[in-house]
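Subject: A structure for you to explore

Hi,

Here is the structure I promised to pass on to you. Please open it next to this email and look for each part as you read.

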Amino acid sequence: MPQVKEGDVVKVHYTGKLVNGEQFDSSVGKEPLEFTVGAGKMIKGFDAAMPGMNVGDKKTINIAPEEGYGHKSDEAIIEFPKEQIPADMKLEPGMPLTLSNQEGQPVPVIVVEVKEDVIILDANHFLAGEELVFDIELVEIV
């Protein structure tokens, strides 16, 4: 029976949770996730768990922030000029927004604080700084 190796295209079902058990994502009931092992499209810890698995294998892995979405970065806290926000837009702490970077790609942010002339935004990934737990099932080696 072939085992997964770097460069293989695989299909997996997964459920992602925080260590407290709170689920943040899952492919269960959907199409399995397809990706190339070692291509850098997945977080490091998820990618590193694949080699050696056989079709039908299931495993649970814990991924430290360094191998997941990294630690929260102070550089991702942004002061955004309030004048660039539509005047009729009511902003509140915890509210999600989407900005665009220089290349025009969407950047999700969370409103941290609304001040007189600026809005403090957090552009860290929502899972930054978190230890992640994934239940993985290898469905297919394509």
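Predicted model: local features only at pLDDT ≥ 70, side-chain atom pairs only at ≥ 80, totals over all residues.

**The open sheet**

Four strands make up an open sheet, and their order is β5-β8-β7-β6 with antiparallel pairing. At the edges are β5 (77-81) and β6 (96-100), each of which pairs on one side only. From one strand to the next, the twist averages 45°.

You can follow one of these pairings in detail. Strand β7 covers residues 106-114 and is joined to β6 by five bridges, in the antiparallel sense. To find the spot on screen, look for P96, which stands opposite I110 in β7.

**Strand β9 and its partners**

Now turn to β9, which spans residues 132-141. Strand β1 (residues 9-18) runs antiparallel to β9, with nine bridges joining the two. Strand β4 (residues 58-63) also pairs with β9 in the antiparallel sense, over six bridges. Two partners are handy as landmarks: G16 has F134 as its bridge partner in β9, and N62 has V133.

Is F134 buried or exposed? Its relative accessibility is 5%, and because buried means under 20%, F134 counts as buried. F134 also shows how a fold brings together parts of a chain: F134 and I63 are 71 residues apart in sequence, yet their C-alpha atoms are 7.9 Å apart in space.

**The largest pocket**

F134 is also one of the residues that line the largest pocket; the others include Y14, F24, D25, K41 and L127. The pocket holds about 200 Å³ of space. What kinds of residues make up the lining? Nine are nonpolar, two are charged and none is polar.

**H125 in its loop**

Last, find H125, in the loop between β8 (118-122) and β9. H125 has a relative accessibility of 32%, so it counts as partly exposed, a class that lies between the 20% and 50% limits. A polar atom of the H125 side chain is 2.9 Å from the backbone nitrogen of L127, and L127 is among the residues lining the largest pocket. H125 and G70 are 55 residues apart along the chain, and 8.6 Å separates their C-alpha atoms.

Enjoy exploring, and send me your questions!

Best wishes

Methods: Residues numbered from 1 in each chain as written. Heavy atoms only, no water. 1 Å grid on protein atoms, 1.4 Å probe; cavity = no way out; pocket = protein on both sides within 12 Å on 5 of 7 lines; lining within 4 Å. Points joined across faces, edges and corners; volume = space filled by probe spheres on them. Nonpolar A, V, L, I, M, F, W, Y, C, P; charged D, E, K, R; others polar. Buried < 20%, exposed > 50% of the residue type's maximum accessible area, 1.4 Å probe, protein only. Polar contact = N/O pair within 3.5 Å; in protein donor to acceptor, adjacent residues only side chain to side chain. Pairing = 2+ DSSP bridges. Axes fitted to C-alpha atoms, helices over the stretch in contact; angles between N-to-C directions.
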